[in-house]
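Open the model in your viewer and follow the stops below. Each one gives a selection and says what is there.

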Amino acid sequence: MEFWKASVYGKDYGDMLDLEVSLLKSNGAGARKYKHKSEVAVDTELMKLLHRELTDAERVATHEFFLTLVVCNTVIPISLDDNGSIDYQGESPDEQALVAAAAAYGYTLCERTSGHIVVDVNGEKLRLDVLGLHEFDSVRKRMSVVIRFPNNSVKVLVKGADTSMFSVIAKNTDKADDLARETQKHLTDYSSIGLRTLVIAAKDLSKAELEQWQCRYENASTSLTDRAIKLRQTASIVESELSLVGATAIEDRLQEGVPETIESLRQAGIKVWVLTGDKQETAISIGLACKLLTSDMQMIVINGNSETNCRNLLLDAKAKYGVASTCAKRKNFELKSSADKNDLQPANYKTSSEVPQWESVKEEAEVNGPLALVIDGNSLVYILEKDLESELFDLATFCNVVLCCRVAPLQKAGIVDLIKSRTDDMTLAIGDGANDVSMIQMADVGIGICGQEGRQAVMASDFAMGQFRFLKRLLLVHGHWNYQRIAYLVLYNFYRNAVFVLMLFWYILCSAFSTTSALTDWSSVLYSVIYTSIPTVVVGVLDKDLNHRTLLEYPKLYGAGHRHEAYNLHLFWVTMLDTLWQSLVLFYIPLFTYNESTVDMWSLGSLWTIAVVILVNIHLAMDIQQWVSITQMAVWGSIFISYGCMLLLDSIPVFPNYWTIYHLAASPPYWLTIILITIIALLPRFLVKIVYQRFWPSDIQIAREAEILLERPVSLPKKRGGRST
Amino acid sequence: MMSGDREISSGSRAVASQIRRCRGCEKALNQFTQQNLPACKPLLTPASVITIFLVLGVAFIPTGIIALHASQKVTEIVERYDADCVPPEYRNNKVAYIQDSSIPKNCSRTVKVEKHMKAPVFIYYQLDNYYQNHRRYVKSRSDQQLLQGLNYSKTSSCKPEESSNGLPIVPCGLIAWSLFNDSYTFSRGMELLQVNRTDISWKSDRDHKFGKDVYPFNFQNGSFIGGGTLDPNIPLSNQEDLLVWMRTAALPTFRKLYGRIEEDLHPGDLIEIDLLNNYNTYSFGGKKKLVLSTTSWLGGKNDFLGVAYIFVGWSSIFMALVFLLLHLRYPM
């Protein structure tokens with residue numbers, strides 16, 4: 001956050017910023033005895049103005065302007081050491097930036113208690129009594145503080161969002177009108193270059209006004225019921241007929257790597273929406289700056305101030321760009337595969353561009369370029385509360401980029417809910433501020449960024465990260481790995497249990513349907529608990545199909561999840577068919593081997609136990625993509641452990657299966673049967689696997705082969721592009 | 001982690017050496033938590049697929065041939081006697097015949113030896129359609145009682161053959177109660193063939209599972225007679241027929257070892273079998289067969305393993321060829 005520009009008394013400052021910082025430092029050596037952590041570049045012209053005598057209106061306004069910056073906030077100054085260096089701590093980084101900027105111009109906040117504030121104005125300490133403070137809230141969208149000067153004059157200093165401020169500013173004289181117009185022009189300029197703006201105003205309070213306000217304020221602030229409403233009403237007494245002083249513009253810097261991250265996410269087939277509290281111009285300029293919006297985009301702006309107005313705007317836009325209504329649209333949408341919605345939060349994060357991959361699928365002829373939908377919070381009030389939701393949904397899902405500005409915290413959640421309730425898509429919300437909490441909680445996946453804006457977002461989130469760019473790694477690398485692992489694991493667990501149960505089931509055909517189990521009770525229990533559980537866990541945690549470099553380099557590999565490649569109904573039934581075959585092999589091969597022989601029930605049960613354990617472990621081993629030492633230990637170890645358990649169980653004389661395995665292990669048919677079962681059971685699966693990998697490879701398979709065979713994957717997109725259309 | 005390492009390296013030497021010892025485990029832990037363990041990534045290339053199939057084929061075909069050869073060398077004589085041993089007048093009511101103890105059950109059969117049978121020749125009886133693996137049958141035994149005899153009284157698992165006439169039965173349970181009791185003697189011409197009936201059960205059963213000082217008690221005294229009786233003066237651990245019988249069979253068609261003839265049988269020998277056809281399999285349509293068989297390292301006569309191995313081996317070779325051709329036709 002950095003203070004960038006200011007409009008004071010109708011004059012724009014801040015263009016000659018980086019001129020003479022060093023000069024200024026020597027100049028203001030006397031004044032600036034306080035050091036701050038962040039150095040602020042200072043406009044020389046404004047600085048000169050500040051050194052004039054307090055005579056003309058402009059000079060007074062400038063004084064009030066900086067006084068407001070210093071006083072009208074909740075920043076606490078903390079002295080770091082003896083030589084007067086001060087650190088500012090506050091809940092809002094915007095306010096910190098403003099206070100730091102004021103300090104650079106010689107207005108240093110030295111001390112703040114609930115009763116008074118000490119400001120150092122160019123080396124002169126000024127003690128101000130705080131009579132009352134109306135904190136910022138999202139309804140008023142402004143903050144005011146009432147202070148008494150040493151000379152007993154009382155002033156109210158207000159700062160707030162432009163829309164809310166211009167409605168409470170006095171416009172009785174020509175001069176005031178001119179000033180308002182000038183300031184408004186500056187505000188538009190600022191926001192169109194992506195700066196975040198605030199309007200500053202002040203007013204002298206007369207004795208009568210003060211008394212009236214003080215009385216109400218005391219009542220309201222000690223009220224036990226509806227205090228917030230009463231305080232709001234009280235605030236309206238002082239926050240009226242204000243005289244405009246100026247406006248500030250703060251640059252909210254992009255974090256490192258944000259455009260690249262958004263670019264990757266969009267390549268990965270994730271739709272990126274931006275929901276911000278900034279004003280429309282700011283949002284659009286930020287969108288343009290980071291190429292979320294491009295010049296070839298057609299922009300649909302929904303900016304209505306009534307329900308009918310919004311409805312008309314929506315319907316017009318739909319008619320113009322030929323958006324089909326929900327039912328027909330659904331099909332189209334499904335065809336395109338379900339894409340994630342990625343709701344990004346305020347101007348912290350901006351977006352990159354490029355035509356999303358499925359643009360070509362759309363058949364609308366009129367659309368010449370990608371569409372961008374810009375919608376503001378006022379319209380959303382009408383749309384989300386009335387029955388225009390579906391219209392918005394149709395239009396928004398049709399557009400490539402959706403930008404919502406001036407959105408209140410609850411509206412952010414409302415938009416996430418709009419998508420969540422109408423599609424099966426997964427939504428992910430990422431944000432760093434307290435105003436993102438409801439959105440983060442509403443989305444399927446909520447991510448909080450630990451930043452300057454406190455930890456509320458982090459505490460409400462599923463995942464917390466330090467920077468926005470880590471989102472790329474979270475989704476493309478860990479998201480991919482986890483999807484592949486969990487999908488395989490689900491199928492494998494179905495298989496692992498079904499093959500065992502089916503094998504037990506077939507035996508009832510040979511036991512006069514009396515549900516005898518040839519396996520000992522202990523083996524049945526230990527099968528899931530010990531014999532086959534550890535490799536499942538290890539593979540579910542450690543297996544990787546591709547390394548992270550490949551995944552980061554080719555974001556489109558993330559599409560495997562969108563297309564449900566690793567887990568779907570078809571795969572499920574194929575796995576079940578394979579399971580059926582394997583269970584039949586497991587059952588019948590020992591049956592044929594020991595047909596008309598002296599084999600007893602426990603020997604056959606022992607053979608079946610070890611055969612199924614070996615089989616499911618080798619089955620898993622066949623599908624492991626990356627062998628590490630732990631995987632080796634788990635897979636082969638669990639076979640050994642199974643043998644160990646069986647040796648133990650067969651060494652207890654009171655079990656009817658006493659000594660079985662020792663007898664069996666001495667007979668060659670036992671070993672030959674186990675090998676035969678394993679090979680015959682896995683042969684079909686192996687064949688299908690190699691034929692598929694050879695002739696119908698998936699993107700992941702291609703990338704994997706490239707990764708392994710060529711060390712560094714090259715020229716993948718060609719083959720893949722052919723498949724994805 | 002990295003910066004931690006750097007800090008450590010600038011520390012004092014004593015600490016550094018101590019750390020260095022642990023750096024191996026620290027590094028391993030780091031690799032584990034960061035999932036960076038050294039890994040082997042198997043890839044099914046055409047070459048490896050063809051190799052796998054070839055190796056399978058090369059390993060399986062000889063094994064199959066050896067197994068098949070071993071099975072072929074086993075000579076087996078199977079004689080079914082349950083139907084023919086019933087006197088003609090009882091053919092329509094075999095159950096009445098078998099249940100009537102006044103009718104003598106002697107029966108005589110003659111089998112001809114076709115091939116040379118090298119000693120020992122194993123004698124099995126084979127029962128068909130006999131569900132020794134039925135759930136209630138299998139559970140109807142008390143392993144504790146077999147070991148401890150009358151000292152052990154919690155024999156509820158033995159129901160319905162738990163006690164008779166108010167006294168406990170040793171050995172209790174349906175399995176013991178239904179003990180097989182046909183008996184066989186063999187003679188070649190005028191010469192009686194010695195049948196060795198010891199060591200037909202598992203040594204582990206004799207030593208640890210059946211009590212050496214547990215004697216049959218109140219056995220087969222009930223109103224329903226299941227099968228054979230036991231000599232109450234011989235401890236259970238020496239009642240080898242019982243031991244064999246109580247290793248319940250896994251499948252409804254099974255063989256159990258009766259004894260061994262420890263002489264070679266020569267081609268053309270006529271073996272006369274005198275048997276007592278006591279055991280009732282007629283009431284459930286079971287068959288009874290007598291089997292004389294030699295043995296090999298693979299056990300009895302069963303071609304399945306050999307044939308299956310050869311089949312899988314050849315299929316593997318075939319698939320190796322198919323994939324080789326495919327690879328040549330459509331190179332990567």
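**A tour of the aromatic rings**

Select Arg329(B) and Tyr330(B): the charged end of Arg329(B) sits over the ring of Tyr330(B), 4.9 Å from its centre. Such a charge is NZ of Lys or CZ of Arg within 6 Å of the ring centre and within 35 degrees of the ring normal. This is a predicted model, where local features need pLDDT of at least 70 and side-chain atom pairs pLDDT 80 or more, while totals for chains, interfaces and linings use all residues. Residues are numbered from 1 along each chain as its sequence is written, chains are lettered from A and ligands numbered from 1 in the order written, and side-chain values use heavy atoms, leaving out hydrogens and water.

Now pick Lys105(B) and Tyr97(B). The charged end of Lys105(B) sits over the Tyr97(B) ring, 5.4 Å from its centre.

Next, ring pairs. Rings of Phe, Tyr and Trp (its six-membered ring) pair if their centres lie within 6.5 Å; planes under 30 degrees apart are stacked, over 60 edge-to-face, the rest tilted. In chain B, select Tyr125(B), Tyr130(B), Phe180(B), Trp245(B), Phe254(B), Tyr279(B) and Phe284(B): ring pairs link them into a cluster.

How many aromatic pairs are found over all chains? The search of the whole structure finds 39. Go to Phe66(A) and Tyr105(A), a tilted pair with 4.9 Å centre to centre and 40° between the planes. Both Phe66(A) and Tyr105(A) are buried (under 20% relative accessible area; exposed is over 50%, partly exposed in between; 1.4 Å probe, protein chains only).

Last stop: Tyr658(A) and Trp659(A). They form a tilted pair, 5.3 Å centre to centre, 45° between the planes. Tyr658(A) is buried at 4% relative accessible area; Trp659(A) is partly exposed at 30%.
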